[in-house]
Amino acid sequence: MNQNDYLWKFQEIEKSVDKEEKMLRKVTKGKEISQKIGEHKGLKSEFETKKGELKEKENVLRKLEHEHSEIEYEIEKIKDQLYGGKINDLKQLESLMKKEEHKKEELNEIDSKTLEMMEEIDAVKEEVKRIGLKGRALGSTIKDMLEERKITIEKIEKDIIEKKTKKEEILKKITKKNIEIYMDIKSRKNNPVVVLKGDVCMGCHMDLPVMTLTKLKKQDIVVCNNCGRILYLSSDE
C-alpha cells in the first residue's frame, strides 16, 4: 500500500467514526423513548384521574344505598302504624297512607339513581382497566426499548473504540507532510481524498488533464487541478 491508499483508508475510517458518533448521540438522546415516557406519564395521570372519579361515584352509590335503607325503614314504620290496629282516626290514616306513598316514590327515585350510578361505575371501571392495561403494556415497551438502547450504545461505543484504534494505526503509516496536506484540505472541503473514475475527479466531476493522470501513476499524492482534493486511483481503475 502507498501513501495514497493509507490516506484513502484514513478518510474512510474517519467518516465511519463520525457516522458512529452521530448515531451514538442520536441513540443516547433517545427521542422515541422520551416520547413514549411522556405518553406513559399522560396515561398514569389519566389513570389516577379515573380512579378518583371512580372513588367519588362509589361514595355516591354508598350514600344512595344508605338513603335506600333509611327510606325502607321509614316505610316499615309507617306500615306498623297503618296495620298495627292502633289508629282509629280516618284523617291520620289517610295522612299515613299518603306518607307511605310519598316514601315509596322516594324509594323508586333512589333505586333509579342507584341503577344509573351502578352503570356509570361499571363504565368507569372499564376505563380504569383499559388505561391500566395500556399503561402496563407501554411500560413494558419502554423497558424493552431502554434495554435495547443500552445494548446498542455499548455496541456503538465498542465499534468507535475499535475504529479509532485502527485509525491511529493507519495514521502512523502516513507521513507528517501528507497528513498536513490532508488536514489542510479537510479544513476547507469535505472529503479531502476523492476517487478517480476514468479521467474524471469525483470531487468536482471535472475531466482531468492527461498530465495529471500521468503524475498520479508515478506519485503518491496528486491533487485535482480544479477542486484541490487529493486524487485516489483505486485498484479497480
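This is a predicted model: local features need pLDDT of at least 70, side-chain atom pairs count only at pLDDT 80 or more; totals for chains, interfaces and linings use all residues.
## Helices, strands and a loop

Let's start with a loop: His-205 sits between strand S2 (200–201) and helix H5 (210–218). The phi angle of His-205 is near 60°, which is a positive value in a residue other than glycine. Is His-205 buried or exposed? His-205 counts as exposed because its relative accessibility is 55%, and the cut-off for that word is over 50%.

You will find Asn-191 in the loop between H4 and S1. At 30% relative accessibility, Asn-191 is partly exposed.

## The nonpolar core

Now let's look inside. The largest nonpolar core has 14 residues, and those touching the most other members are Leu-7, Phe-10, Ile-174, Ile-179, Tyr-182, Val-193 and Ile-230. Which elements each supply at least two residues of this core? They are H1, helix H4 (176–186), strand S1 (193–197) and strand S3 (230–232). The largest share, four residues, comes from H1.

The patch is made of Lys-22, Arg-25, Lys-26, Lys-29 and Lys-31. Take Lys-22 as an example: this residue lies in helix H1. Lys-22 has a relative accessible area of 58%, so it is exposed.

## Salt bridges

How many salt bridges does the structure hold? There are 14 of them. In one, the side chains of Lys-103 and Glu-74 meet, with N and O 2.8 Å apart. Because Lys-103 belongs to helix H3 and Glu-74 to helix H2 (residues 31–83), this pair ties together parts that are 29 residues apart in sequence. Lys-103 is buried, with a relative accessible area of 12%, whereas Glu-74 is partly exposed at 28%.

Glu-100 pairs with Lys-104, and their closest N and O atoms are 3.6 Å apart. These two residues are four positions apart in helix H3, about one turn of the helix. Glu-100 is buried, with a relative accessible area of 8%, while Lys-104 is partly exposed at 33%.

Further along, Arg-130 forms a salt bridge with Glu-127, where the closest N and O atoms are 3.1 Å apart. Both lie in helix H3, three residues apart, which is about one turn of the helix. Arg-130 is partly exposed, with a relative accessible area of 38%, and Glu-127 is partly exposed as well, at 27%. Salt bridges can also share partners: Glu-14, Lys-167 and Lys-186 are joined into one network this way.

Leu-146 is found in helix H3 (residues 90–171). With a relative accessible area of 36%, Leu-146 is partly exposed.

How values were computed:
Residues are numbered from 1 along each chain as its sequence is written. Side-chain values use heavy atoms; hydrogens and water are left out. Patches are made of residues with over 30% relative accessible area and no salt bridge: like charges are joined within 9 Å, nonpolar side chains (Val, Leu, Ile, Met, Phe, Trp, Tyr) within 5 Å. Accessible areas come from the Shrake-Rupley method with a 1.4 Å probe; for residues, only the protein chains shown count as cover. A salt bridge is a side-chain nitrogen of Lys or Arg within 4 Å of a carboxyl oxygen of Asp or Glu. Lys and Arg count as positive and Asp and Glu as negative; His and the chain ends are not counted. The place of a charge is taken as NZ of Lys, CZ of Arg, CG of Asp or CD of Glu. Buried means under 20% relative accessible area, exposed over 50%, partly exposed in between (1.4 Å probe, protein chains only). A nonpolar core is a set of buried Ala, Val, Leu, Ile, Met, Phe, Trp, Tyr and Cys residues joined through side-chain atoms within 4.5 Å.
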